[in-house]
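Me: I'm new to reading protein models. Could you walk me through this one, feature by feature?

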Amino acid sequence: MASETGISVEFYSSGYCTAHERIVDPVNGKGACKFYAVWALFQVPGIGWVMFDTGYGPSFWEATQKFPARFYRWATPVFLKENESAKKILETKGIAPSDIKYIIISHFHADHIGGLRDFPETSFICSKSANQQVKGKKGFGAVSKGILHGLLPEDYEKRLFYIDGFADRVEVNASGITVYRLFGQEELQLILLPGHARGMLGFILQNDHRHMLYGTDASWFYSCYDQGILPNQVVRIFFDSWNDFQITQMKIRAYENAHPEASILFTHCPETLKYLDHAV
Ligand SMILES: [Zn+2]
């Protein structure tokens, strides 16, 4: 998916967890399902390599060794081979951790930030509200919201930029989605998708080659979002705001209606696996 003049994007996955499909799709779910931890790699002219999330990473095992974090492992059994971490995948492409200029953190769930500790020189970008929630929750309160502090590098806040201030400009698009322009270019916008997690980010990439809205975890399956099927009630406790989750889906729907040519992708959706450049 290389672009000759603009931003290129490639998708990879680092590990997966298993859960019953009925949790995600109470109507059509059948059996156990794999939820791949997809992340994206951008090459941004004038900036360099930028990642969007990292998938799971080896620090997951250490971070979930003790209680209450151990509950996280029980709730979502994780599978990650050593050569599947973002760091190892990048190595096969000749990209060193220090070559990654920024990692955009969509939200602080383990399947999105599990690799952060492998990038000791990289700067991070997230929304202010996402990090404020991380700082405000401790112990089981944090784990119940999917936050594992052990995955965060000790100095991560020193390397952290809030998109709210980092962006070149912030606006609300015609679909009601808050969009952030960054890196002095127009092709890539970060978008605010609250609900599943506080201050969650996704992105819109629009150039001559591709128009996509990457909705992160605003839905797990495109089919559910498309048919208006909401996840099982059991996940409500782990979501930040059920109301915002539904409003965010309505805004994505408005965007898709206005831009029927755009691909709507979600991190863990089986449809997204078709975009992976790395075999899974
Ligand atoms: Zn999540």
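Reply: We'll go from the overall fold to single residues. This is a predicted model, so local features need pLDDT of at least 70 and side-chain atom pairs count only at pLDDT 80 or more, while totals for chains, interfaces and linings use all residues. Residues are numbered from 1 along each chain as its sequence is written, and side-chain values use heavy atoms, with hydrogens and water left out.

Me: How many helices and strands does the chain have?

Reply: Helices (H or I, at least four residues) and strands (E, at least two) are DSSP runs, numbered from the N terminus. Here there are 10 helices and 13 strands. The chain is as compact as a globular protein of its length, because its radius of gyration is 17 Å, close to the 19 Å that the globule rule gives for 280 residues. That radius is taken over C-alpha atoms, and the rule is 2.2 Å times the number of residues to the power 0.38. Along the principal axes, the C-alpha trace spans about 50 × 40 × 35 Å.

Me: What share of the residues is buried?

Reply: Buried means under 20% relative accessible area, exposed means over 50%, and partly exposed is in between (1.4 Å probe, protein chains only). In this chain, 55% of the 280 residues are buried.

Me: Which residues touch the most other members of the largest nonpolar core?

Reply: In soluble globular proteins, nonpolar side chains tend to be buried together. A nonpolar core is a set of buried Ala, Val, Leu, Ile, Met, Phe, Trp, Tyr and Cys residues joined through side-chain atoms within 4.5 Å. The largest one here has 49 residues, and L41, M51, I100 and F108 touch the most other members. Strand β2 (residues 32–44) gives this core its largest share, 5 residues. Apart from it lies another core, of 29 residues, among them Y36, L190, L205 and M212.

Me: What does L41 touch?

Reply: Contact means heavy atoms within 4.5 Å. Not counting residues up to four places away in sequence, the partners of L41 include Y12, W49, M51, L90 and I100.

Me: And C33, is it buried or exposed?

Reply: C33, which lies in strand β2, counts as buried because its relative accessibility is 11%. C33 and H20 are 13 residues apart in sequence, with 5.7 Å between their C-alpha atoms. Leaving aside neighbours within four places, C33 is in contact with C17, T18, A19, E21 and F221.

Me: Which peptide bond is cis?

Reply: Look at the bond from F67 to P68: it is cis, with omega near 5°. P68 sits in the loop between α2 (59–63) and α3 (70–75).

Me: Where is F183, and what is its phi?

Reply: F183 is in the loop between β9 (178–181) and β10 (188–192). Its phi is positive, about 60°, although F183 is not a glycine. F183 counts as buried, at 12% relative accessibility. T216 also has a positive phi, near 50°, in a residue other than glycine. You'll find T216 in the loop between β12 (211–214) and α9 (222–227), and T216 counts as buried because its relative accessibility is 0%.

Me: What about W74, buried or exposed?

Reply: W74, in helix α3, is exposed, with a relative accessible area of 55%.
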